[in-house]
Amino acid sequence: MILELGAGNDLHGGDYTKAALRAVQDALHHSSLSMLRALQVDPKAMLVDVTIGVQQPGQVDAERVRASLPHGKVTVQVVKGGLDVPDAERHDPAVIATAAIAVRLELP
């Protein structure tokens, strides 16, 4: 039904979950699911597949990402992607995450 993309970052602290959450919020703010009303579909029925790309996938709290989505049956997959921008002087990389949110409906 829709595929929306977003990017987020944590410029100080190297927090991959924070960057992922910001990427999800960025994607959400680019989308509108107004057709749900036209189709008379309950937003809880949406199937929402979230893919997060970061350099260290194991550092993302996927449950926090899942809980940040307001509607639907949400699944979260975290994969290698995104970008770390090193800061050799401070050992404080800027973490950049990407998010793809796909929304599907099972219609009769």
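**Entry 1: Val 103**

I began with Val 103, which counts as buried because its relative accessibility is 5%, where buried means under 20% relative accessible area, exposed over 50% and partly exposed in between, computed with a 1.4 Å probe on protein chains only. I was working on a predicted model, in which local features need pLDDT of at least 70 and side-chain atom pairs count only at pLDDT 80 or more, while totals for chains, interfaces and linings use all residues. Residues are numbered from 1 along each chain as its sequence is written, and side-chain values use heavy atoms, with hydrogens and water left out.

I placed Val 103 in strand β5; helices (H or I, at least four residues) and strands (E, at least two) are DSSP runs numbered from the N terminus. Setting aside residues up to four places away in sequence, I listed Met 1, Ile 2, Met 46, Leu 47 and Val 48 as touching Val 103, contact being heavy atoms within 4.5 Å. For Met 46 I also looked up the separation from Val 103, which is 57 residues in sequence and 6.5 Å in space, C-alpha to C-alpha.

**Entry 2: Val 48 and the core**

I then turned to Val 48, whose contacts, leaving aside neighbours within four places in sequence, are Leu 69, His 71, Gly 72, Lys 73, Val 74, Thr 75, Ile 101, Ala 102 and Val 103. Val 48 is also one of the residues that touch the most other members of the largest nonpolar core, together with Val 24, Val 50, Ile 52, Val 65, Leu 69 and Ile 101, in a core of 25 residues. Here a nonpolar core is a set of buried Ala, Val, Leu, Ile, Met, Phe, Trp, Tyr and Cys residues joined through side-chain atoms within 4.5 Å. The elements giving two or more residues to this core are α1 (16-28), β2 (47-54) and β5 (94-104), and α1 gives the most, with 7 residues.

**Entry 3: Helix α1**

Which residues of α1 are buried? I noted Tyr 16, Thr 17, Ala 19, Ala 20, Leu 21, Ala 23, Val 24 and Ala 27, and the elements covering them include β1, β2, α3, β4 and β5. I checked the length as well: the 13 residues of α1 should span 18 Å at 1.5 Å a residue, and the end C-alpha atoms are 18 Å apart, which agrees; the expected span is 1.5 Å times one less than the number of residues.

**Entry 4: Glu 4**

Is Glu 4 buried or exposed? Glu 4 is buried, because its relative accessible area is 19%, and I found this residue in strand β1 (residues 2-10). Not counting residues up to four places away in sequence, Glu 4 touches Ala 27, His 30, Ser 31, Ala 99, Ala 100 and Ile 101.

**Entry 5: Salt bridges**

How many salt bridges does the structure hold? The structure holds 4, a salt bridge being a side-chain nitrogen of Lys or Arg within 4 Å of a carboxyl oxygen of Asp or Glu. I looked up the following pairs.

- Lys 18 meets Asp 10 at 3.8 Å, N to O; Lys 18 is partly exposed at 33% relative accessibility, whereas Asp 10 is buried at 3%.
- Arg 66 pairs with Glu 63, the closest N and O atoms being 2.6 Å apart; both lie in helix α3 (residues 62-67), 3 residues apart, about one turn of the helix. Arg 66 is partly exposed at 34%, and Glu 63 is partly exposed at 44%.
- Asp 87 pairs with Arg 90, with 3.0 Å between the closest N and O atoms; Asp 87 is partly exposed at 22%, whereas Arg 90 is exposed at 60%.

**Entry 6: Positive phi**

Last, I looked up backbone angles in two loops. Gln 40 is not a glycine, yet has a positive phi of about 55°; Gln 40 sits in the loop between α2 (35-39) and β2 and is exposed, because its relative accessible area is 74%. His 91, also not a glycine, has a positive phi of about 50°; His 91 lies in the loop between β4 (83-85) and β5 and counts as exposed because its relative accessibility is 69%.
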